[in-house]
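My entries follow in the order I made them.

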Number of protein chains: 2
Amino acid sequence: MKQKITIKTIAKELGVSTSTVSKALKDSHEISEETKQKIQAYANLYNYKPNNLALQLRNQKTKLIGVILPQIVHHFFSTIIKGIEEVANEKGYHIMVCFSKESYKKEYENLRVLSNGSVDGLIVSIANETLENKDFSHFKDLVSEEIPLVLIDRVVSEIMCDKVVVDDVGGGYKATDYLLHSGCKKIALVTTPNHVSVSALRRQGYEKALIENYIKSDASLIVEIDDDKDFNTQISHIFDQDIDGILAVNEIYAAKCIRYAKEKQFDVPNDISVIGFTDGLISEYSTPSITCVAQHGFLMGKQAVEMLIHHIENDSEDYHPRRNVISSDLIVRESTKSSS
Amino acid sequence: MKQKITIKTIAKELGVSTSTVSKALKDSHEISEETKQKIQAYANLYNYKPNNLALQLRNQKTKLIGVILPQIVHHFFSTIIKGIEEVANEKGYHIMVCFSKESYKKEYENLRVLSNGSVDGLIVSIANETLENKDFSHFKDLVSEEIPLVLIDRVVSEIMCDKVVVDDVGGGYKATDYLLHSGCKKIALVTTPNHVSVSALRRQGYEKALIENYIKSDASLIVEIDDDKDFNTQISHIFDQDIDGILAVNEIYAAKCIRYAKEKQFDVPNDISVIGFTDGLISEYSTPSITCVAQHGFLMGKQAVEMLIHHIENDSEDYHPRRNVISSDLIVRESTKSSS
DNA sequence: CGGAATTGCGAAAACGGTTTCGTGTTGACA
DNA sequence: TGTCAACACGAAACCGTTTTCGCAATTCCG
């Protein structure tokens, strides 16, 4: 890279001190008009830009927010990033994004690097592996160093920090309740292994809705998908049980269920209704389009960054961790019958 | 944030100089074993971490790569980010991502901020508005400041820097050629306004394939979609012309065309075959699944960051802009008939 | 035992800015 | 003519780290 022009260069060229240059560039009243003109003209001519690193070091703030997410090629997470970036930018911040790829090690590593003063605060959604291991010491270290932290979507209660979560229980409940009210009697749940916190919550909502409608939850109607195995073989047995509704914990599972149902000559939604989570492109554009629980990732990102920046900029005030819950809404499309 | 422990603190507490601490922490032979032990123990105890900003300022490098993309909630772009982040991380870099939202102003602003020494280099995909305006002076400034820059996907020849592009002409050609060989006679093109460089290239490929097969390109079969207007009314007229094939420049247009075709009682692929660009989730999961041209965003990201880091780390060698072309492949699915 | 080599450490400059606190020169006013 | 304020600018400290160089004190060797 070309040697960049600094305040020192200008000072030397113009025979003044660096303090004078600094002040002149900020239009300080201490400096005479004449000198200011000269310095500003020179700076403009040579396209002087103050070095950000120097400023950050001096001000002890980077105006940078670290974001660590498990994945990126995923509608929900990319929507969150969009929300974060938008509000961050408005408030003069930029974002550094890293991906843990659901791995504890990468998450740990990212956290370590970013907490070295590179960023003013962090927004994190915890990796699945970490949730499984239940080892949150790296987060607790962060908290004890008093580095502003906001946890989103996948959170755990033992980490004392700001949080923004989706009302997953409510989402599961609403979806199941809608299926029941549209006439479904026997609803299967297609989910992930239970250590994934959001899936566990959605399952709670599912079970709550069943109970409230006097239906016994039936373990044989619940499939915990192992992504390493073939999807269809894992779900085939639920189709043998006269089900007329499926709640899937994400839109991919929903789409795959619909596809399988069609192959088996079931009509969606009349024979079997399907609801998924994540209001992404699949739900919108597949045929039939899929009724789903929208989690409002954009809003989540916005709220998270607002909480974080508040925390960063009001350092002094005594801090009480806050927890925002974003309610999830049912977007009704073609994969369900209309509710009575 | 809590006052972080610095080398100075350690030095003062232990009654040594900062130089000694610095050397001790790097296990320098200049320092006696005894002193090293003492200092390292203290540093460990109080969880000392060197301040990144200070290091960056001293080393004159940030190990940070700026990434500016037009959008994020988009399969292709998020795949690119994934590729960039993966390779960057391997090589000890992190990424700062910004989004121009297709706006010239935001792009300009982001470029300005990031070129202040915040990053060691930049990877950018140009905003549509900028392509339309044809004002690339902000990029040229970057080049003349010799800030390492790699342009991806949407590029223009007048900016002298490294580039990674998709073979869009080839993609358009392959897709059209495939449609022709599967028996289509009259193929419509559903595209964006022509200032979007990639669309223009895909159209070139489309036209080239037609010409090679002795078919006259027919302007009435080409629709430039205005996203602000209703999609269906814009495409309806091509369906009145006995078409039997559609090439869409992205997967959303493809999905919408298929949906419209179904509504009008056309069978896809037998009455009308459809091919889209972007091998995203829609193409994979909708029914029928959509044959499409895969652009390999992941690979593009990887290549871009490799070129960039090479440029950053081999500053001295004389620099000749390179241009990588990533070939695009046809992923054949259910929305097309099999080729003869 | 004297000079040289080695060891162990500190002072200071450097990275690029900002900011506080002088200080010398004016000019006004008593 | 002496005093004081205002003006215009510079010196130096500071942010946290690395690194070169120099300087004692000790050890080694002849």
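**Two copies**

I laid chain B on chain A and got an RMSD of 0.1 Å, using a turn of 180° and a shift of 0.0 Å along the axis. That is how a two-fold axis relates copies. I note here that the model is predicted.

Next I checked the interface. Of the interface residues of chain B, 100% are interface residues in chain A too, so the copies meet through the same surface.

**Helix pair α1 and α3, chain B**

I looked up helix α1 (residues 7–14) of chain B against helix α3 (residues 33–45) of chain B. Their axes come within 11 Å and cross at roughly 125°. That angle makes α1(B) oblique to α3(B). The crossing of α1(B) and α3(B) is right-handed.

Which residues make the contact? From α1(B) I listed B:Ile10, B:Glu13 and B:Leu14. From α3(B) I listed B:Lys38, B:Ile39, B:Tyr42 and B:Ala43. By class, the contact of α1(B) with α3(B) has 5 nonpolar, no polar and 2 charged residues.

**Helix pair α9 and α10, chain A**

I moved to chain A. Helix α9 (residues 168–181) and helix α10 (residues 197–212) of chain A have axes that come within 7 Å and cross at roughly 40°. α9(A) and α10(A) are therefore oblique to each other. Their crossing is right-handed.

On the α9(A) side I noted residues including A:Gly172, A:Tyr173, A:Thr176 and A:Leu180. On the α10(A) side I noted, among them, A:Leu201, A:Gly205, A:Lys208 and A:Ala209.

I took chain B for the packing. Helix α11 (residues 231–239) and helix α12 (residues 251–263) of chain B pack at an angle of about 65°, with axes 11 Å apart. α11(B) and α12(B) make a right-handed crossing.

α11(B) brings B:Phe231, B:Asn232, B:Ile235, B:Ser236 and B:Phe239 to the contact. α12(B) brings B:Tyr253, B:Lys256, B:Cys257, B:Tyr260, B:Ala261 and B:Glu263. I sorted the contact of α11(B) with α12(B) by class: 7 nonpolar, 2 polar and 2 charged residues.

Then I turned to rings. How many aromatic pairs does the structure hold over all chains? The count is 12. One that I looked up is A:Phe231 with A:Tyr253, a tilted pair at 5.5 Å centre to centre and 40° between the planes. A:Phe231 lies in helix α11 of chain A and A:Tyr253 in helix α12 of chain A, so the pair ties together parts that are 22 residues apart in sequence.

**Backbone checks**

I went through some peptide bonds. The bond from A:Val268 to A:Pro269 is cis, with omega near 15°. I placed A:Pro269 in the loop between α12 and β9 (273–277) of chain A.

In chain B, B:Thr287 and B:Pro288 are joined by a cis peptide bond, with omega about -5°. Where is B:Pro288? I found B:Pro288 in the loop between α13 (281–285) and β10 (291–294) of chain B.

Last, I checked phi at A:Lys101. The value is positive, about 50°, although A:Lys101 is not a glycine. A:Lys101 is in the loop between β2 (94–99) and α6 (104–114) of chain A.

Definitions and conventions:
Residues are numbered from 1 along each chain as its sequence is written. Chains are lettered from A and ligands numbered from 1 in the order in which they are written. This is a predicted model: local features need pLDDT of at least 70, side-chain atom pairs count only at pLDDT 80 or more; totals for chains, interfaces and linings use all residues. Side-chain values use heavy atoms; hydrogens and water are left out. Axes are lines fitted to C-alpha atoms, for helices over the stretch in contact, and angles run from 0 to 180 degrees between N-to-C directions. Helices (H or I, at least four residues) and strands (E, at least two) are DSSP runs, numbered from the N terminus. Angles under 35 degrees count as roughly parallel, over 145 as roughly antiparallel, 65 to 115 as roughly perpendicular and the rest as oblique. A crossing is left-handed if the near helix is turned anticlockwise from the far one by less than a right angle, and right-handed if clockwise. Contact means heavy atoms within 4.5 Å. Ala, Val, Leu, Ile, Met, Phe, Trp, Tyr, Cys and Pro count as nonpolar, Asp, Glu, Lys and Arg as charged, and the others, Gly among them, as polar. Copies are superposed by least squares on the C-alpha atoms of residues with pLDDT of at least 70 in both. Rings of Phe, Tyr and Trp (its six-membered ring) pair if their centres lie within 6.5 Å; planes under 30 degrees apart count as stacked, over 60 as edge-to-face and the rest as tilted.
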